[in-house]
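Please read this short note alongside the sequence and the model, which are shown just below. The points are numbered so that each can be checked in turn.

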Amino acid sequence: MAQQTTLDEWSKDAQVDPEVRAHVYSLISALGGGGDDGTYALGDDALLCLKDLRKWLKVADGQLNRRDVARCMAEANIVKGDLLEILAKISPRVTEDKLKHKIAVACLELLVPLTWPFEIDPDTATMNHHRHAAYIQLAQIGYKRAILQFDRARILQTAVRTALPSMAVPSRERTPRDEGIIRIALYFIRNIAMLSPPKNVPFDGDEAEVSRSTTIDVFQDQDIFQVILSVASSISEDFVSQDVVILEILFYLLKGVDADKLFMEEKKLNTKNTEELKMLIQKEKAMLAGYARHAPTRHNRFGTMLWVKRDDDKVSTVSGQDVLGKAQKTIEKMDSNKKWNKPKRPGPKKEKEVENDEFDLPVSLSTSARKSLKDFVEEFLDSSFNPLFLHLRKTIEREAERVEERHRHQFFYLISWFLRAECSRRRTIKQKAADPKDPAVLNAEDESYGLIAEVMNQETFILLNRFMQRAEDEKAWQDLNAGMKCFTQILLTVQEMSESAIEDDQEIAENIQNRIFYEESTHDRVVHILRSYNNQGFGYLDACTELSHVFLRMLERYSKQNVDLQIRSKKRARKVRKAKAQAAGGEDEEDGNVSETQDITEAQRTVTERKFDFTRFSAKFVNQNSVDTFVAFTRYYKELNTEQLKRAHRFFYRVVFKNEMGVLLYRVDILQLFLKMIKGDQGLDPESPCFKEWEEFVRHFFRQVVKRVQEHPELIVEMLFSKIPATIFYLEHGYDREVTVRAPRAPAELEVKPGMEKEDQIGVAVGVLVNQQKSDHLHWVRDILSTAAEERQAWEVADEARKATAANAEGEPAAEKNSEDDQPKAPSIFVKPNNEERRIAMFKDNKLRLLMTLIGFARLGADNDPDAPWVIPSPLSSIDLKSAIDLIRKFEFDPPTYEDGKSAEDFLRSKVTAARSSRQRAEFDDDSDGKSQDEDEDRGEYGLDAPISNPAARKTLKRRRRRSRTPQELDDEERDRRAEVRRKKELEKQAKVKSTMFVHDSDDEWEYDPEKDREFFERENATREATKRSFLKALGYKEPASSKSSSKKRKTDGESKKGRKKRKSVERHEEDEREGNDDVTSLSSGGSSPEEAVIESDEDEEDAMDTPLSSQPVGPSKPTARKPSTVLNEDVDMDDDDDDDDDDNEDAAPVIRRTAARNVRAGFIIDSDSE
């Protein structure tokens, strides 16, 4: 019922348009009022009035973006005076009477926008928003109090009953109106859970009436928790679009609630609350004791003012008698009075986080609310957690329209909250089961982690990593805070799963840890979050320090259990490839016909596995930014609990003693903080559980600082500044780090694929530069060629003139004497870049270098020398240079086109890659035919390895070889198996060979020619005699005259190849026998010395070994007078084991060695075939 005011009062109020106020007040008056029986009586057109009010609210406040109608309704007290009364009156029969159901829906359509939390959007806010904000916010708190405390009806239950007919309809049969009614009812519950007293507006009412505890009690009393459980458990079947509304209701009910206390037993909770109270009392006593030391007494209540003269002759004024005691107190008083006026820098204003989304502030609950919420959370975990969060994850992944930005961080915060609640519940159950006095028994369902399985899978981890990376990139610190809390709680849950008594849970925990720790990007993200803290608030600071602490501790434990832990790195692969390529001198260079953008993209996609080194990873945490983050966290030591203090202590202990990087803490403010915590007036409580640990650490740390200062007095100066890596290295080693500058490296040399003419190759190079939008390089090359052509043409004209002058002066014969080599050559023309960018391109751009090489330019100096000059060599004439200019101009404005849609880049390849491919192809052709190295002989035209005459078969073999070139990694067993298969196949092949290798009719192919044989033997005898004379001359013996005429020996050719024709005629046999007999006779009777006899005999032996069996002497011979033992005491032994060296040893002098035992028959030396 509207307040009775006059039109004059309306006109004087400038806050709202009088016309708008008149219309709204008239509609509110027509709704109804008090009846004769004292109850609320509806007006005749109450439903139409409700609809008109909704239109006014929608048009004026929604479309026109004013807040006048909401302000008028708040002033008229429409919620408590009219809407709640109407709902209370029609509540008993709201589901039976259609008219009453429509009126109830209309009331809800007004209540939802009126209770929607008021937020000011800086982009769309108007003057009216700021003018009405405080009034509307306080009015909404009044709405919430009226709804929760309404005694004549259960308003929230009535709203749910209004939506029950629509909920009963199957999901596929619901109309849009049914979906709207369900959504309105749930949003009304959401608004009641969401509303809280504003921080920037004074609130005179009792906050307990609208507190979280009261809301939870009302939800429990009006069965709202059961509605939430019903909708959440069937979220993917009967309810689809209501998932985000349930998410928001849960978020605003649970944010800030301590899950550990929620599941704590009553006795332990009372004990913990008592300990917290004692701790607060101790802090208060310590504060009062510190103040009492210098508190004023009745004798010194008079005011005091001091002037402190500083070093720069300036005077500071300090007031108060507490500064008279010590100089340190005076300085501290001065520091406490200092104010820093931070300069205002231009830039976009940072948006403040919405107060309703703040989840770091703790909320205390009453005993009844804690019990009700505990029962609800247990039922939710048992029945609704998995289906709801599975559906929400899929909805967020597909980015549905109903999903807003705030829903993502609410989703991850609730995951962390419920995981923590589940862990607390399991600990409580285990403690009860372990207590012999407690009748509770631990069953298999309590042991299993299946109730939270849907948020412990890989899909959730991927979504979480993506969410954290996006929040970090966009600097959405509230979202990143929620992501860090979720990730931390997942790690803690996995740790508890690994300690479970069920083997399946242990295996799942092992698998999850392996997946989390496998990605190096996750490691780097944790390190970067810790380093990048910059005053994002205490909640963010607590979350990032807890995440780094838990992650580092669990990773250290897991790496110790898994010594061979492998991680996937995306950056190291490119660095290693570069290092290998540099070591190989560019042999392993990648193809050069890719652009720089493609190269970077490929480098980002390349991943590799490497062994994890925890020492190297932990060193990433030990830097100045990480230390600053934990120092900022430690400055809140008065408000930190025992667990948080231990977290900071563990980090500093790791820095100073484990990593031995205490130099990072050698800073004045850090030393002062540690000293104040232990020895200061407002330090840590000596009775605190972690005080002794901090005291021990600080004592050892200061002892180390004093020792280092004595060793390095310059450290006193460095204590004023943060430490950069160069300073840290110098303080640790006493000298500066040597920085090695890597020499620049030339790109991969390109070439045009073979099969093109020179003109077409230049067209390809020009086309590549045009496609890559490097026409400025072409213009520069044309200018260089134009200048060089003019200079070369001028030299050519001058050279022709010089030649003509010389010819006229010396005459024609003198001019002909000068050879072509004596003619002067044109001087080389240096190619000079026109700017620094061009100079770098001449070294780095392999496409430009290809064009310059094709034109004929030459590069002097080393390949990796960036300053090596380019020249136009002497052989290039002015005509060549002009033709190059014409070609460049032609292909620049009319680029060539190729078949099959190919571009110019498709015809480029790397020289190194092409050379390596050809070399591998040659090696493959030599080694991959299944034959060993000693199987090069021809097996005849019918052999298995005969040449393939069929072109189709040859192509098939080439394709098979090309496929077989693909490298495959084989283990030892597979390699041995393939070797055995090849050996058996080779044996079978050898057994089948029946070719002309073994059957060869040489007699049919050979034709006898006595003239050719005579000429051949004459040449052989002459060569043998010349060799003998040179050998004897080298030994110092004189050649006897008789030996020249009587001794005619046949020199063996020493060839043992299989294709040589055999001489089988009877005439050749008789001639060989006669020559053999003459040689032996001359050696036994007419030799001039025993040495000659030895040499001649060995030559005969060699001839006997290399001559075919059919040509060896078989007839009787005359015996010699000399005994074999006295004639043959040394022999010339030629190495006949190596047949491949026979050609090389044919004309070489024999080597004298001790002879072996010979078979002697009738004075002749007989050698068997086996020798």
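Predicted model: local features only at pLDDT ≥ 70, side-chain atom pairs only at ≥ 80, totals over all residues.

1. Where does N77 lie? N77 sits in the loop that joins α4 (68-75) to α5 (78-90), and its phi is positive, at about 55°, although N77 is not a glycine. With a relative accessibility of 33%, N77 counts as partly exposed, because that class lies between the cut-offs of 20% and 50%.

2. A positive phi is also found at E660, where the value is near 55° in a residue other than glycine. E660 belongs to the loop between α29 (642-658) and α30 (668-679). Is E660 buried or exposed? Its relative accessibility is 57%, so E660 counts as exposed, the cut-off for that class being over 50%.

3. Two packed helices are described by the angle between their axes and the distance between the axes. For helix α12 (residues 243-254) and helix α17 (residues 385-397), the angle is about 115° and the axes are 10 Å apart, while the crossing of α12 and α17 is left-handed.

4. Which residues of α12 and α17 meet? From α12 come D243, V244, I246, L247 and L250, and these meet L388, H391, L392 and T395 of α17. Sorted by class, the contact of α12 with α17 comprises six nonpolar, two polar and one charged residues.

Notes:
Residues numbered from 1 in each chain as written. Heavy atoms only, no water. Helix = DSSP H or I, 4+ residues; strand = E, 2+ residues; numbered from the N terminus. Buried < 20%, exposed > 50% of the residue type's maximum accessible area, 1.4 Å probe, protein only. Axes fitted to C-alpha atoms, helices over the stretch in contact; angles between N-to-C directions. Left-handed = near helix turned anticlockwise from the far one by under 90°. Contact = heavy atoms within 4.5 Å. Nonpolar A, V, L, I, M, F, W, Y, C, P; charged D, E, K, R; others polar.
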